[in-house]
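My entries follow in the order in which I made them.

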Amino acid sequence: MAAVSSNRRRQAAEKRKKNSAFIERLFDRFDTDRTGKLDRGQLTNLLTELNEGVKPPDFEVQWVLHTADKTDGHIDNQISRREIRPALDAFKSYKEHEGEIDAIFRKYDTNNSGKLEENQLARVLTDLNDGTAPTADEVKWVLQMADKADGIMNGGVNKTELMLAISLWYSHHDKADEDSSGCVVM
């Protein structure tokens, strides 16, 4: 049993090492000006390659840039070596959920604005809440928190911000359930 466990740890360490080396090579390949940082254009090129040659929309690049740029505590609208892994993780997570996000937008973005406005977001949250409508304050809170996820407040939740909005809603809803469950010990 110990040998199997040791072998798994060794394999996991080797996989992490290979992944880190791949990320370093990827960063070096797209850091064409050798500044040690990827600007928006370089990041777009990198994401395009990872997206099977399809250039991601500007809002996706903006969200990845904003999400990862703040991870080292220094916001400069560039991705450093320390920020590349969070950038890639954010993009991967978004792409893994893109089909679900697109389906939600097809259903609720009835004016095709590319963002869910307050009333549309309320309908999404209602469906996530098994038909129970959130309060107006809850909808405004989710909207305010999620709308700034890409660094740009535009009065609605775009596709990249929707993951945060849903996460906020479930976290808030779970906390409310905990607070109301009250346990009495006799």
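**Helix crossing and ring contacts**

I began with the crossing, where helix 4 passes helix 5 in a right-handed manner (right-handed if the near helix is turned clockwise from the far one by less than a right angle, left-handed if anticlockwise). The model is predicted, so I kept in mind that local features need pLDDT of at least 70 and side-chain atom pairs pLDDT 80 or more, while totals for chains, interfaces and linings use all residues. Residues are numbered from 1 along each chain as its sequence is written, and side-chain values use heavy atoms, without hydrogens and water.

I noted that helix 4 and helix 5 (residues 118–128) pack at about 120°, with their axes 10 Å apart.

For contacts (heavy atoms within 4.5 Å), I listed I104, K107 and Y108 of helix 4 against Q120, R123, V124 and D127 of helix 5. After helix 5 comes D130, with a positive phi near 55°.

I then turned to the rings and found that the charged end of K159 sits over the ring of F105, 5.8 Å from its centre (the cut-offs being NZ of Lys or CZ of Arg within 6 Å of the ring centre and within 35 degrees of the ring normal). Lastly, I recorded that W63 and Y94 are both buried.

Technical notes
Buried means under 20% relative accessible area, exposed over 50%, partly exposed in between (1.4 Å probe, protein chains only). Axes are lines fitted to C-alpha atoms, for helices over the stretch in contact, and angles run from 0 to 180 degrees between N-to-C directions. Helices (H or I, at least four residues) and strands (E, at least two) are DSSP runs, numbered from the N terminus.
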